[in-house]
Amino acid sequence: MKTILTGDRPTGRLHLGHYFGSLENRVKMQYDYDTYILIADVQALTDNFNNPEKVRQNVKELALDYLAAGIDPKQAHIYIQSLIPEVAELTVYFSNLVTVPRLYRNPTTKYEIQQKQAVFGKEGEGITYGFLGYPVSQTADIACVNSNIVPVGDDQLPHIEQAREILRKFNSIYGETFNIPEPCLSSTPRIKGLDGNEKMSKSLNNCIYLSDDEETISKKVMSAVTDPNKIRKDDPANPDVCMVYYYHKLIRNPNISTVCSECKNGERGCVYCKRELVRALMEFLRPIQERRKYYEDKPELVEEILKEGTEATKKKAEEVMKRVRENMKLDYFE
Ligand code: TRP
């Protein structure tokens, strides 16, 4: 059975961008693969080292979001990254196999550096060793369970490419040890925001969270961007430039062809169309929110799930490390 590894940083609640970008895929794939889902608390600290409370709090939230989205703890191991010390060890070994300029060339890292500089100025906080190296630690996440497949959103592709380079290099120096992982993108690897921005993102404040209630969603949807040329409610409009239509499509509203033709013919007003979207979204989110509630009421169960997932991952990581130490001639006293 092939192995999947993927995960998220515990820095906030998950939204529809996460869901359609990757979570939905993970939920489908968990039945056919040995599945590891990591809560990347160590990686979250690279940006939040001065805010450990935030990371701690969000570990719980992320676990709840995973379970709510349909990750089945009988199928998948949900685990906490910091409890797998093998990842820290592998990170050190891998750090010899990548140059500093190569880390700077990673497009996602580059973009994140620009964002930091926009906020803190060029002199700002500076780029830490930990931040620049997080793709190396991410390679260790993938390698510690010798994963074959990594289901992610498209911003993570440069990290997977970097992981492949490091692991190929490892294999060529120390002998065949690791699988070379393949990324797996969903059919919608990037979800637009309600404001029409190309990306739904917490920092852009344009997200619908999986745990948003009806009132919150209603407010957000009412402010969504529609065709600017449509002034009166019976003007014909172009659904292809409308975020409301985009979301009807995204959540696969069975009514979609009616929505489209009525919009084009000037037979539906935007407010009506938005109300219909709010209903459809609540319908879509209902099973997710019901599962969240179920687990929210059982914190010991969630803790048990994380413990079991972490133990299973640790066991697998120990097997992998045994081979790594042999191949690197570090297997003293055995
Ligand atoms: N970088 C990912 C994010 O920001 C989280 C992550 C950490 C990850 N390690 C990983 C994803 C390994 C895939 C594989 O959400």
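Q: Before we start on the domains, where do their bounds come from?
A: Domain bounds come from an automatic or database domain assignment, and the model they are applied to here is a predicted one.

Q: OK, which domains does that assignment give for the protein?
A: The assignment gives domain 1, made of residues 3-191 together with 299-327, and domain 2, which covers residues 214-291.

Q: How far apart do the C-alpha centres of domain 1 and domain 2 lie?
A: The C-alpha centres of the two domains lie 35 Å apart. Contact between them involves eleven residues of domain 1 and ten residues of domain 2.

Q: And what area do domain 1 and domain 2 bury between them?
A: Together they bury about 830 Å², and 69% of this is on carbon and sulfur atoms. On the domain 1 side, Leu16, Phe20 and Ala68 supply 54% of the area buried against domain 2, which is more than any other three residues supply.

Q: How many salt bridges are there between domain 1 and domain 2?
A: The count between the two domains is one salt bridge.

Q: What does glutamate 24 pair with, by the way?
A: Glutamate 24 forms a salt bridge with arginine 252, and the closest N and O atoms of this pair are 2.9 Å apart.

Q: How many salt bridges does a search of the whole structure find?
A: Such a search finds 21 salt bridges. One joins the side chains of glutamate 86 and lysine 314, at 2.8 Å from N to O.

Q: Where do glutamate 86 and lysine 314 sit in the chain?
A: Glutamate 86 is in helix α4 (residues 85-94) and lysine 314 is in helix α14, so that the pair links distant parts of the chain, 228 residues apart.

Q: Switching to helix α14, how does α13 pack against it?
A: Helix α13 (residues 270-296) and helix α14 (residues 299-327) pack at an angle of about 95°, and their axes are 6 Å apart. That angle makes α13 roughly perpendicular to α14.

Q: Which residues of α13 and α14 meet there?
A: From α13 they are Tyr294, Tyr295 and Glu296, which meet Pro299, Leu301, Val302 and Ile305 of α14. Sorted by class, the contact has six nonpolar residues, no polar ones and one charged.

Q: What about α3 and α14, at what angle do they pack?
A: Helix α3 (residues 52-69) packs with α14 at an angle of about 90°, with the axes 11 Å apart, and α3 is therefore roughly perpendicular to α14. Here Ala63, Leu64 and Leu67 of α3 meet Val302, Ile305 and Leu306 of α14, and the contact has six nonpolar residues, with no polar and no charged ones.

Q: Last one, why are α8 and α9 described as roughly perpendicular?
A: Helix α8 (residues 134-144) and helix α9 (residues 157-174) pack at an angle of about 70°, with their axes 9 Å apart. Angles of 65 to 115 degrees count as roughly perpendicular, and α8 and α9 are therefore described in that way.

Q: Which residues make the contact of α8 with α9?
A: On α8 they are Tyr134, Pro135, Val136, Gln138, Thr139, Ile142 and Ala143, while α9 contributes His159, Ile160, Gln162, Ala163, Ile166 and Leu167. By class, the residues of this contact divide into nine nonpolar, four polar and no charged.

Note on methods
Residues numbered from 1 in each chain as written. Predicted model: local features only at pLDDT ≥ 70, side-chain atom pairs only at ≥ 80, totals over all residues. Heavy atoms only, no water. Axes fitted to C-alpha atoms, helices over the stretch in contact; angles between N-to-C directions. Helix = DSSP H or I, 4+ residues; strand = E, 2+ residues; numbered from the N terminus. Parallel < 35°, antiparallel > 145°, perpendicular 65-115°, else oblique. Contact = heavy atoms within 4.5 Å. Nonpolar A, V, L, I, M, F, W, Y, C, P; charged D, E, K, R; others polar. Buried area = accessible area lost by both parts, 1.4 Å probe. Salt bridge = Lys/Arg side-chain N within 4 Å of Asp/Glu carboxyl O.
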